[in-house]
Amino acid sequence: MIPVFCRMGSKTAIKKIVTEKIPDDFDLYVEPFVGSGVIYLNMNLQNKKSILNDLDKDLMEGYKAIKTGITLDEKTFTFSNNAKVQEDFYKKTHSNHNDKFIAQVIKTCGTFSTTGFGKVYNSITKSSFRKKIKNAKKQKDFFKNTRLFNTDYKNIIKKFDSNKTFFYLDPPYEKSDQLYKNDSIDLNEMSNLLKNIKGRFLLSINDSPNTRNIFKDFKITSLQVRGRGGIGKDIGGKARKELLIKNY
């Protein structure tokens with residue numbers, strides 16, 4: 001399935017590689033950094049329970065809207081394509097699921113390089129809105145066995161760790177300061193936590209001497225990922241080097 005919300009560093013380009021490396025003999029699937037959710041949405045999770053988490057509260061409200069079910073009509077929906085109007089809308093506080101969904105589409109897909117905050121540079125077109133509404137309705141049933149959280153990733157790992165749990169972790173990259181709303185991750189702390197879990201995990205992270213050293217006690221595979229361009233070679237350039245790290 002195609003993600004509804006946009007996110008910098010999306011794993012769309014490597015979703016097949018990642019999903020093929022994930023075993024199927026687990027009972028609980030957990031993403032402590034769900035972001036755009038591209039891996040979750042392309043997993044075969046039939047008859048399995050899932051946990052999705054992100055520190056971005058608004059993003060999780062958007063997923064809650066999808067899970068609950070939006071009532072917008074993808075055939076007739078219209079919205080101003082003026083960037084300032086869209087920016088003002090996403091920055092307001094909304095109380096109903098439809099408005100929270102629309103605000104999150106604007107916030108994640110219209111802001112600078114999909115960082116999810118600041119000025120709207122690329123206003124969402126009517127056609128794009130309608131496609132996203134249609135996709136969100138298709139995804140509602142997929143979310144039925146999924147619980148949503150908005151807390152620190154460590155809380156999620158500690159709460160749901162078991163020998164039948166699989167974790168997929170996609171934290172912010174190194175050198176991503178100010179490119180994400182929540183980008184303060186201590187990778188040494190993460191490595192130490194992962195060394196002591198009962199479950200299995202697969203972690204995707206940027207390739208650097210530092211990350212290789214921090215996670216040297218695990219199995220590491222390197223790959224090159226197509227990028228979006230426009231931010232710099234380490235974060236969002238035309239191509240980036242990435243690591244897949246696992247404990248199985």
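1. Basis. Residues are numbered from 1 along each chain as its sequence is written, and side-chain values use heavy atoms, without hydrogens and water. As the model is predicted, local features need pLDDT of at least 70 and side-chain atom pairs count only at pLDDT 80 or more, while totals for chains, interfaces and linings use all residues.

2. Helix crossing. The axes (lines fitted to C-alpha atoms, for helices over the stretch in contact, with angles from 0 to 180 degrees between N-to-C directions) of helix H5 (residues 97–110) and helix H6 (residues 126–139) come within 11 Å and cross at roughly 120 degrees. Helices are DSSP runs of H or I with at least four residues, and strands are runs of E with at least two, numbered from the N terminus. H5 and H6 are therefore oblique to each other, the class left after under 35 degrees (roughly parallel), over 145 (roughly antiparallel) and 65 to 115 (roughly perpendicular).

3. Contact (heavy atoms within 4.5 Å) involves Phe101, Ile102, Val105, Ile106 and Cys109 of H5 and Phe129, Lys132, Ile133 and Ala136 of H6.

4. Strand E5. In strand E5 (residues 200–206), 6 of the 7 residues are buried, so the strand is largely enclosed by the rest of the structure; buried means under 20% relative accessible area with a 1.4 Å probe, protein chains only.

5. Strand partners. E5 pairs (at least two DSSP bridges) with strand E4 (residues 165–169) in the parallel sense over 4 bridges. Strand E7 (residues 239–246) runs antiparallel to E5, joined by 5 bridges. Leucine 203 of E5 stands opposite leucine 169, and has isoleucine 245 as its bridge partner in E7.

Key:
Buried < 20%, exposed > 50% of the residue type's maximum accessible area, 1.4 Å probe, protein only.
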